[in-house]
Amino acid sequence: MRARHSETISRGPRIALLAREFSSPAPGRRTVWPRALACAGLSLALLVAGCAGPASHVAAPVMPVPGRYPGTDTSPSSLPATAGWREYFPDPTLQNLIAQALRGNRDLRVAALRVAEARQLWRLQHADALPAFAAQAGGDRARVPADLSLTGRPMVTSQYQAGIAASWEPDFWGRFGSQDEAARQGYLASEEGRDAVTVLLVSQVADAYLGLRELDERIAIANQTLASRAETLRIFRRRVEAGATSRLNLTQAQVLHDQAQLLGEQLSQAREQQLNALALLVGEPVPLLAAAGPLPDAGLLRELDPGLPSGLLLRRPDIMAAEHRLLAANASIEAARAAFFPRVSLTGSFGTASASLDGLFSAGSRAWTFSPAISLPIFDGGRLRANLHATEARQAIAVANYEKAIQSAFRDVADALAAGRWLAAQQAVAAGTLAAQAERARLSQLRYDNGAAAFLEVLDAQRDLLAARQLVVQLRRALLSSRVGLYAALGGGRPDSSDALAGAPANPLSPREAGNP
């Protein structure tokens, strides 16, 4: 873009040379006024061109983030962040859900159709720089009254013509080229936006699947607890009937039973809603998935190497989309500067013309026209200058958005890494707490059986034990979700050649054909 503009600026001596050539008088011909008009017109062209000012050299934004993530070292892990989602999520059920989502998700389909729209807009902009040809044919018949006729008699005239018309505006100053580049960068930004939707969709499906697995495990724990407390409630009822215990203990056992039953009903409702959310992401009804067992601490997801923050520039599609929008803003500045220069248009036609239809293609009926024109902005109320300043402001906004995208990506990765570290520590503490609560519940039951404690002590211990078991599952799921978030924050989950993206059947255009509009 800068090279194109510098080439435009260097055309000043060439214009002066053309001025000398066209203003040179031919022998034996008086050309004082034409020469003066030519010099005046070309001087105005140079004056207006000079008003555009030199090209703006925009410095590439630097990374507004530290050179490494907080709390990390440089030792690599087993899997790079650029791994495909099939490699990162080895679970077959999860892979099937992600594949279905990539085919049926409506948000992804809309993003793919927006890519097709942006590509056609690029083609539309590219066509402005090309000559336009059109075939045309027509005829006219007219009657001229006697008082308007040169012969004093009424006349009926006919005229028929057929030919090809052409029009073209040469891109001397790079205006069309800059607009074409801006449209191309907009198209590439839309492709990166589609990839960003893909990354988000993969992470959302994975997180929803983990939530479903968490609810299955918590429901299993609630059902086990409910069965145990139902047996306890049955024993207490027998004891009350035999007069071996008080009704207070029976009501306390009933409370324990009802709490477990209520928790199971709440978790079942949450599971059904989670299935509905998963069906929305997948884009089609999800069959009732059977419980797959407890969430594993390892094996469900792979370990990732976060790398350095500079790698986000090549992996995060939202950063790359912001970069393309920045390049489009730079190209728009060049187009706004080129608008200060004269515009040359060439129009013409070639064909045949005749006063009779049968003589349209006879010898000697050839006709042609050629109409070159030049327009030079002299006074427009500051419209061109305001448009230039507006594009420069939009370019500054694009720079700020690009830097913000980098900062947001850095925060996403840093948050995911921090969540992974602290959730692992919380999980270890919760595991120790669960062991202590289980021992407390066992000892409380022994004390009650030996008459050394009231049943209220057993009630509190059983309630805390259930909460501790639920918390362990929740923390395990949160840890796995943080790894999914880290994978998405590092730019993982981008589509590859084996992915059937939504919208592909309706859009035959192959992606990333950046070379041709």
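**Helix H8 and its surroundings**

Author: Helix H8 covers residues 247–282, and its 36 residues reach 52 Å from the first C-alpha to the last, close to the 52 Å expected at 1.5 Å a residue. The model is a predicted one. After H8 comes Gly 283, which has a positive phi, near 90°.

Leu 278 is among the residues touched by Leu 97. Leaving aside residues up to four places away in sequence, Leu 97 also touches Val 205, Tyr 209, Val 282, Val 286 and Leu 289. Both Leu 97 and Leu 278 belong to the largest nonpolar core, which has 51 residues. Within that core, the residues touching the most other members are Trp 85, Phe 89, Leu 97, Ile 98, Val 205, Leu 278 and Val 413. H8 is one of the helices that supply at least two residues each to this core; the others are H4 (85–88), H5 (92–104), H7 (175–242), H10 (317–338), H11 and H12. H11 gives the largest share, ten residues. Apart from this core lies another, of ten residues, including Val 240, Leu 256, Tyr 448 and Phe 455.

H11 deserves a separate look. Its end C-alpha atoms are 92 Å apart; at 1.5 Å a residue its 67 residues should span 99 Å, and the two values agree. H11 is followed by Gly 451, where phi is again positive, near 75°.

Arg 440 pairs with Asp 464, and their closest N and O atoms are 2.6 Å apart. This pair links distant parts of the chain, with Arg 440 in H11 (residues 383–449) and Asp 464 in H12 (residues 455–489), 24 residues apart. Are the two partners buried or exposed, or something in between? Arg 440 has a relative accessibility of 31% and so counts as partly exposed. Asp 464, with a relative accessible area of 30%, is also partly exposed.

Side chains of opposite charge can pair when their charged atoms come close. The whole structure holds 18 salt bridges. In one of them, Arg 175 pairs with Glu 169, with the closest N and O atoms 3.0 Å apart. Both Arg 175 and Glu 169 are buried. In another, the side chains of Asp 318 and Arg 316 meet at 2.7 Å, N to O.

The buried residues of H6 are Leu 108, Ala 111, Ala 112, Val 115, Ala 116, Ala 118, Arg 119, Trp 122 and Gln 125. An α-helix has 3.6 residues a turn, so residues three or four places apart point the same way. What covers the buried residues of H6 includes H5 and H7. In sequence Asp 107 and Leu 201 are 94 residues apart, while in space their C-alpha atoms are 8.8 Å apart.

On the surface, Phe 350, Trp 368 and Phe 370 form a nonpolar patch, with about 410 Å² of accessible area together. Phe 350 sits in strand E3 (residues 343–354).

Finally, the protein as a whole. It has twelve helices and four strands. Of its 517 residues, 40% are buried. The accessible surface comes to about 28200 Å², and 59% of that belongs to carbon and sulfur atoms. Among contacts between residues at least 6 apart in sequence, 83% join residues at least 24 apart.

Conventions: Residues are numbered from 1 along each chain as its sequence is written. This is a predicted model: local features need pLDDT of at least 70, side-chain atom pairs count only at pLDDT 80 or more; totals for chains, interfaces and linings use all residues. Side-chain values use heavy atoms; hydrogens and water are left out. A salt bridge is a side-chain nitrogen of Lys or Arg within 4 Å of a carboxyl oxygen of Asp or Glu. Buried means under 20% relative accessible area, exposed over 50%, partly exposed in between (1.4 Å probe, protein chains only). Patches are made of residues with over 30% relative accessible area and no salt bridge: like charges are joined within 9 Å, nonpolar side chains (Val, Leu, Ile, Met, Phe, Trp, Tyr) within 5 Å. Accessible areas come from the Shrake-Rupley method with a 1.4 Å probe; for residues, only the protein chains shown count as cover. The expected span of a helix is 1.5 Å times one less than its number of residues. A nonpolar core is a set of buried Ala, Val, Leu, Ile, Met, Phe, Trp, Tyr and Cys residues joined through side-chain atoms within 4.5 Å. Contact means heavy atoms within 4.5 Å.
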